[in-house]
Amino acid sequence: MALSPSSAHESPPARRSPARRWSLAARMAALVIVPSLLVMGLGGWWLRYEVHASLLGSMSRSLEEKSERIHARLALLPDGRVQEAAGGSDEFSAIFSGWYWQLQGQAPAQLRTAAAPVVLARSRSLWDQPDLVVKRAGLWGSERLQQALGPQQEPLWVQHFSLQLAAGAAPMHLQVFGPAQPLIASLRRIDQILWITGAMLLLLIGALVWLQLRVGLAPLKRLVDVIAGLGKPLPGAAPATEQIAQLPLGADLQPLQQELAALLARNTQVVERSRSHAADLNHALKKPLSLLMAHAGSGAALPADLVLQQTTAMARLIDRYQARTFSDATLVHGPSAGLPVDVLACARQMLAMLRQLHQASDLDWQLVEEASPLWWRGERADLEELLGNLLDNAGKWAASQVRLTVQRNASQGLVLQVEDDGPGMTAAQMQAAGARGQRFDETVAGTGLGLSIAQQIVQGYEGQLQLRKSEALKGLLVHVEMAGVVA
């Protein structure tokens, strides 16, 4: 079967690294246990070597002292024979006592490698047994001691010493043997203690790691449980952001806690804004649709200009809310995720558009601006929507004048003020003005959604919208503050 060109060049799926498949608990445990094993292994090996070297060194010094005593009792006869002084009894006199010595006349290199060295004298404790043979292998922990087998096949330690029994005589070599079984038993006992201690330390480290993971990861487990429970909220349960914010996670997890709570809050806000958009659009489309249905129900033919006017209004509403839906994606990344927008240029553009829209009213549209450029980080569609709604609302109620003031405050925030010389609002009307579809005069064209939409935009950027009485124009003043001024 032939392969398509696209499938022939498809790269195989990337294989995940084994470390990435490990859980957080497994990685934390490995980072503790593996170094502990290395330290325990190297430390135990070093301690064992030092203890063995100390005990074997003690045995070596004991054999060296005995070699000096043996040297003092040996004499070289004129005929070349070696004679041991008579009298006295010690460990080298008792038969098969485990302490032996042999005097050889060969060089040290030959002494340790010759198959049948020449023995010139030996201790009485060997009795009539054959000469002892030293093993060639070295001994771990000692550079001077070697191993050998005694007359009864018991293990022995042996050490070599160079002697000169008379002036001008050839050097001889003394082998002093000592019992190895007591020291071997002590070394084995020390090894057992080291193994048992290492096992106990390993078990203790394992228990501490388990306790550390259980206690240390408990905050994350509580966070996971809360997040898992968000899909099935219980009746009367607190909002998700409050549940996460109230978790005792500690200072190290507090940034994660804050970011997660903020993300959930923004997502909740986006959902609420999407529902509001749908409700607002539904409310806004009711009037043109009702008007068209009323004319259609009368039986008379619909005027083309009426159909065009109402369908154009509906298309404009749909485009407006579609732009609002796209700009809501900014809230997921925070209020400062947009590109810098030239506020003054946007304000001049919106004023020019509103002058054309309200050309019949012959209003005086004024812009009070700062001398320096003013850039705001956000969505341009949001700023245009905000200014458009506020200026359009002011143009509907103004008698002769509308003023837009653009400036920045002391905390590098954007300040917008829209005021008119219309009738203004009472305190009760100002309090109810933010409700969707709230209209105070049906004779004025509109949907009653302007202030509601403006308030949603301002809240999306963590700002404030306030209604006041204009001191200069005596009408309504809308005061807006939003963060995000970058220049």
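A residue counts as buried under 20% relative accessible area, as exposed over 50%, and as partly exposed in between (1.4 Å probe, protein chains only). By that rule, tyrosine 49 is partly exposed because its relative accessibility is 31%. Welcome to this predicted model, in which local features need pLDDT of at least 70 and side-chain atom pairs count only at pLDDT 80 or more, while totals for chains, interfaces and linings use all residues. Residues are numbered from 1 along each chain as its sequence is written, and side-chain values use heavy atoms, with hydrogens and water left out.

**The chain as a whole**

- Of the 487 residues in the protein chain, 34% are buried.
- The accessible surface comes to about 28,400 Å², and carbon and sulfur atoms account for 59% of that surface; the areas come from the Shrake-Rupley method with a 1.4 Å probe, and for residues only the protein chains shown count as cover.
- Take the contacts (heavy atoms within 4.5 Å) between residues at least 6 apart in sequence: 64% of them join residues at least 24 apart.

**Aromatic rings around tyrosine 49**

- Tyrosine 49 is found in helix H3, which covers residues 24-73.
- The structure holds five aromatic pairs, meaning rings of Phe, Tyr and Trp (its six-membered ring) with centres within 6.5 Å, called stacked if the planes are under 30 degrees apart, edge-to-face if over 60 and tilted for the rest.
- One of these pairs joins tryptophan 45 and tyrosine 49, which are stacked at 5.9 Å centre to centre with 15 degrees between the planes.
- Tryptophan 45 and tyrosine 49 are about one helical turn apart because they are four residues apart in helix H3.
- Tyrosine 49 also pairs with tryptophan 140: the ring centres are 5.1 Å apart and the planes are at 75 degrees, so this pair is edge-to-face.
- Tryptophan 140 sits in the loop between strand E5 (134-139) and strand E6 (142-149) while tyrosine 49 lies in helix H3, so their pair ties together parts that are 91 residues apart in sequence.
- Tryptophan 45 is exposed at 52% relative accessibility, and tryptophan 140 is partly exposed at 35%.
- Trp45, Trp46, Leu47, Tyr49 and Trp140 make a nonpolar surface patch of about 550 Å²; patch residues have over 30% relative accessible area and no salt bridge, with nonpolar side chains (Val, Leu, Ile, Met, Phe, Trp, Tyr) joined within 5 Å and like charges within 9 Å.

**Salt bridges and a charge over a ring**

- There are 14 salt bridges in the structure, each a side-chain nitrogen of Lys or Arg within 4 Å of a carboxyl oxygen of Asp or Glu.
- Lysine 66 and glutamate 91 form a salt bridge, with their closest N and O atoms 2.6 Å apart.
- This pair links distant parts of the chain, 25 residues apart: lysine 66 is in helix H3 and glutamate 91 in the loop between strand E2 (82-84) and strand E3 (100-104).
- Lysine 66 is buried at 12% relative accessible area, whereas glutamate 91 is partly exposed at 21%.
- Arginine 69 also meets glutamate 91 in a salt bridge, at 2.9 Å from N to O.
- Lys66, Arg69 and Glu91 are among the members of a salt-bridge network that also includes Arg73, Glu84, Asp90 and Arg124.
- Lysine 66 lies over the face of tryptophan 99 as well, 4.5 Å from the ring centre; a charge sits over a ring if NZ of Lys or CZ of Arg is within 6 Å of the ring centre and within 35 degrees of the ring normal.

Methods: Helices (H or I, at least four residues) and strands (E, at least two) are DSSP runs, numbered from the N terminus.
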